[in-house]
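Welcome! Please take a look at the sequence and the 3D model below, and then we can walk through them together.

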Amino acid sequence: MAFLIVPVFGFANAGVSFAGMDASILTGSLPLGIALGLFLGKMVGVFGTAWLTIRLGFAGMPAGASTAQLYGVALLCGIGFTMSLFIGALAFPTSPELGDAVKVGVFAGSLLSATAGAVVLRLVSAKDAAPALNAAGADRGA
C-alpha cells in the first residue's frame with residue numbers, strides 16, 4: 001500500500017490533476033517526448049554509462065550483482081517526476097495546456113519506467129533465487 005500512497009501524495013502535492021483529460025493527450029508530441037525521454041533516455045544514459053565505466057575498468061560491478069540487475073535499476077531511474085514537473089513548469093509558465101501535457105508525459109514515463117524496472121528485477125530475482133533454493137535444499141538433505 002505504501003508503494004501507492006507515496007506517488008499519489010507526490011502528485012497531489014505537486015498539483016497534478018487529471019480531471020477533464022482523456023487518453024488522446026498521450027499521443028501529443030510533448031507528452032510522448034517526455035515519457036520516452038524519461039523511459040528510454042534515462043535508461044540508456046544510466047545503463048550505458050555504468051556499463052561503459054565497468055568495461056573500461058574505472059569501476060567494478062557491485063558484488064553479487066548481474067548485468068540484468070543493473071539494467072533493471074537503470075529502468076527504475078526513469079522514475080523522476082519531481083524535477084521533471086519543476087522543469088516543465090519553468091519551460092511553460094504561461095500555458096496551462098502545455099503544463100497539463102507535461103504532467104501527463106511525466107506520469108506516463110514514470111509509470112512505464114517503474115513497471116518495466118519492477119518486472120525486470122522480479123524476473124531476475126526469481127531466476128537467481130531458484131538455483132539458490134535448490135542449493136540450500138541440497139545442503140539440508142546431505
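## Getting started

Two residues are in contact when they have heavy atoms within 4.5 Å. Contacts between residues 24 or more positions apart make up 81% of the contacts in the chain with a separation of 6 or more.

A word on how to read what follows: this is a predicted model, in which local features need pLDDT of at least 70 and side-chain atom pairs count only at pLDDT 80 or more, while totals for chains, interfaces and linings use all residues. Residues are numbered from 1 along each chain as its sequence is written, and side-chain values use heavy atoms, with hydrogens and water left out.

## The overall picture

The chain has five helices and zero strands (DSSP runs numbered from the N terminus: H or I of at least four residues for helices, E of at least two for strands). Of its 142 residues, 23% count as buried; that means under 20% relative accessible area, with exposed being over 50% and partly exposed in between (1.4 Å probe, protein chains only).

The chain exposes about 9,100 Å², and carbon and sulfur atoms supply 72% of that area (Shrake-Rupley method with a 1.4 Å probe; for residues, only the protein chains shown count as cover).

## Inside the model

A nonpolar core is a set of buried Ala, Val, Leu, Ile, Met, Phe, Trp, Tyr and Cys residues joined through side-chain atoms within 4.5 Å. The largest one has six residues: F39, M43, A74, L75, V120 and V124. Helices α2, α3 and α5 (96-141) each supply at least two residues of this core. A second, separate core of five residues includes L38, L85, V102 and V106.

Now find S84 in helix α4 (residues 81-91). Is S84 buried or exposed? S84 counts as buried, because its relative accessibility is 17%. Leaving aside neighbours within four places in sequence, S84 is in contact with L38, V102 and V106.

## An aromatic pair

Rings of Phe, Tyr and Trp (its six-membered ring) pair if their centres lie within 6.5 Å; planes under 30 degrees apart count as stacked, over 60 as edge-to-face and the rest as tilted. By this rule there is one aromatic pair. The ring centres of F47 and Y71 are 5.6 Å apart and their planes stand at 90°, so the pair is edge-to-face. Because F47 lies in helix α2 and Y71 in helix α3, the pair ties together parts 24 residues apart in sequence.
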